[in-house]
Structures are given as C-alpha cells and as structure tokens.
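Subject: Structure handover

Hi,

Here is the structure I promised to pass on to you. Please open it alongside this email, and then read on for my notes.

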Amino acid sequence: MRLFLLPISTRRSLIYCQRLNNQLSSETTYVDRLTTRASNTWLRWEKAEKGWRTGWQRKVTHYGNKLFETIPHEEWGLKSIPPLSKRRKDEELKGKKEVEVIFPASVIAEDKVKLALQEFAGDERQALHTKWMWATIISMPLSAPAALIPVLPNIPFFYMVFRAWSHWRARSGSRHIDFLLDNRLLKFTTSSKLQLAYEAGGLDVSMKKLDHDVGECREEAPKTISKPNAETDMERMLLTQSNGGLVSELMDVPELEEHLQRAIKQVEKALRAEKELQEEKQDLDNVNKEGEPKR
C-alpha cells in the first residue's frame, strides 16, 4: 500500500491509502468481502428501474448518498487504510517494508507532513471514533420500530450499522498510522506530478494540455516555490473542483477523485461558514461601537 497526504487548504489535508493490486488478492479479509458485497448491492440499487417494486431503492440511495456527503473527509480517508491485523503487523515488522507517503513538496514541507500524520494517528482522533462508534451501537435499538414497516427493510438500523462500522474502520486506520510512525516504517516521497496539479489552481486544464509538462517534469520540486505558512497566513484553498480531478488523473488513481471532491466541498463549506461568522461578528462589533455614548 501507499499513502497520499494531500493539502486541501493551508490548514487541512486529506489522507488516502491506495492498496496495490498484488495486495488486494492476498490480504482480502472477511470484512473486506462483506464490504464489497454491500457496495455492489448499493450500486445495484442506484441503477434500479422506476416502479413500485424497486423505485424505493433509488430513493434510498439518493438520500443515502446525501448523508454520506456529510461524513467528514477525514473519516473517509482513514477508512481507506486497512486495519492492522496480527499478520500484517508481523509482515511489516519482519520485512521492514516501508510504506510510501506521497505529498507535494511545493505546498507542504516534510516536517508538516509528519505533523499531519501524527494528528490523524493521535489519541484525540482515536477517542473521537471510539466514542461515536459506541454511541451508534447503543442507539441501534431505537431503530426497532422501523422494522414494522412492511416491504421496506429497516433502513435506519442498517445506516447505524454502517456508521458504527465506519467509525471502527477509521479508528483502525488511525491506529495503523500510529504503528507505522512508531516503527519508522514510512518513506516520504515528493511528487512533481502532484506539484503540476496544485500549480494548475483554478484553471480548467486537462491531461492533453499538460502532457508535454509531465514528460519534462523532474522528481525534485523547484525550491523557488514558496510554501504557505499555516500559522501566520489566512486559511485559503489549495485545491479546487477543477484541479482536484486532475490530481487523481495525473497520479493514475481514479478512486481518489471521489475522496478529493468530497473533501474540497466540505472544506469550502467550512471556510464560507467561518467567513460569514467573522463578518457577523464584525458587524456586531461595529453596531456596539456606534451605540457607545460619546464622551
């Protein structure tokens, strides 16, 4: 497997794990097979024909996908990292096979990448997913009345099962990163292709326009490009909807695009909310100043 650490804004990053083809067949667990079966069922429901027999399946997937979009991108990213089984732990320790961490050096320094990984693997992150995992499990009996509805399956119950599994899987991914950090099994690698995607910014570029640049790009990113300072600079977006898809295209990881688009939407929404809150606070301060008696 290999990890991608992709800054979405100057203060928030996406983590994603790509499982290599030769690992998929040998490391597939029962949980993985069950997850694949559930995903295939969901895809089949999305393509269900309209009608009273199967029309409800399309509605369930329509509203379900909207709910999925509200799940934090950090959770989705951590879920992509396989759980640390005893077999995997022994193989990684005995083989001392380093896991590659790919990042754009022109945007984020290696020490910042390590800090970001430590946050993903921190006790606070693991405690968060543990708390919500158990909260969801405890809430499952509340969905029992929905089972009385004829024809339709108990959707609330299955959603709670999914959320409990999702938090468990995210916590497992966090623990795996923690293990890799503690045993120094991470190899940090910069990518000039990623740099091209970030440089594209908000431009509507395609692979055809960048083919000649990719052919000439070097593995070392230019040192003349200044990196954003997350501590002093105002938070701003580093990826947009246009060049978010370009990242997965250049890195030849099609499944990464969905994670990026979701993360970009969530961060953009969060920044808009913060900006509106600051503007409201500024307006309130101005009103209070105008209302103060003059001396």
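Predicted model: local features only at pLDDT ≥ 70, side-chain atom pairs only at ≥ 80, totals over all residues.

The mean pLDDT of the protein is 79, and 72% of the residues score at least 70. Over residues 202-210 the pLDDT stays under 50, and the model has ten contacts for them beyond four places in sequence. Residues 218-225 are also below 50, with eleven contacts in the model beyond near neighbours in sequence.

Now the overall picture. The protein has twelve helices and four strands. It is 295 residues long, and 39% of those residues count as buried. If you take the contacts between residues at least 6 apart in sequence, 78% of them join residues at least 24 apart.

The largest nonpolar core has 25 residues, and the members that touch the most others are Leu-6, Ile-8, Val-247, Leu-256 and Leu-260. Two or more residues each come from the strands β1 (2-7) and β2 (13-18) and from the helices α9 (192-200), α11 (241-251) and α12 (256-291). The top contributor is α12, which gives six residues.

Leaving aside residues up to four places away in sequence, Leu-260 touches Leu-6, Ile-8, Leu-14, Leu-239, Gly-244, Val-247 and Ser-248. There is also a second, separate core, made of 22 residues, with Val-99, Phe-120, Ala-170 and Leu-185 among them.

Finally, the surface. The accessible surface of the protein is about 18,500 Å², and carbon and sulfur atoms account for 55% of that. One nonpolar patch may interest you: Trp-134, Ile-137 and Ile-138 together make about 330 Å² of nonpolar surface. Trp-134 sits in helix α7 (residues 123-139). Is Trp-134 exposed or only partly exposed? Trp-134 counts as partly exposed, because its relative accessibility is 49% and the exposed class begins over 50%.

That is everything from my side. Happy browsing!

Best wishes

Technical notes:
Residues numbered from 1 in each chain as written. Heavy atoms only, no water. pLDDT = per-residue confidence, 0-100. Contact = heavy atoms within 4.5 Å. Patch = residues over 30% accessible without salt bridge, like charges linked within 9 Å, V, L, I, M, F, W, Y side chains within 5 Å. Areas by Shrake-Rupley, 256 points an atom, 1.4 Å probe, with all protein chains shown as cover. Salt bridge = Lys/Arg side-chain N within 4 Å of Asp/Glu carboxyl O. Buried < 20%, exposed > 50% of the residue type's maximum accessible area, 1.4 Å probe, protein only. Core = buried A, V, L, I, M, F, W, Y, C linked by side-chain atoms within 4.5 Å.
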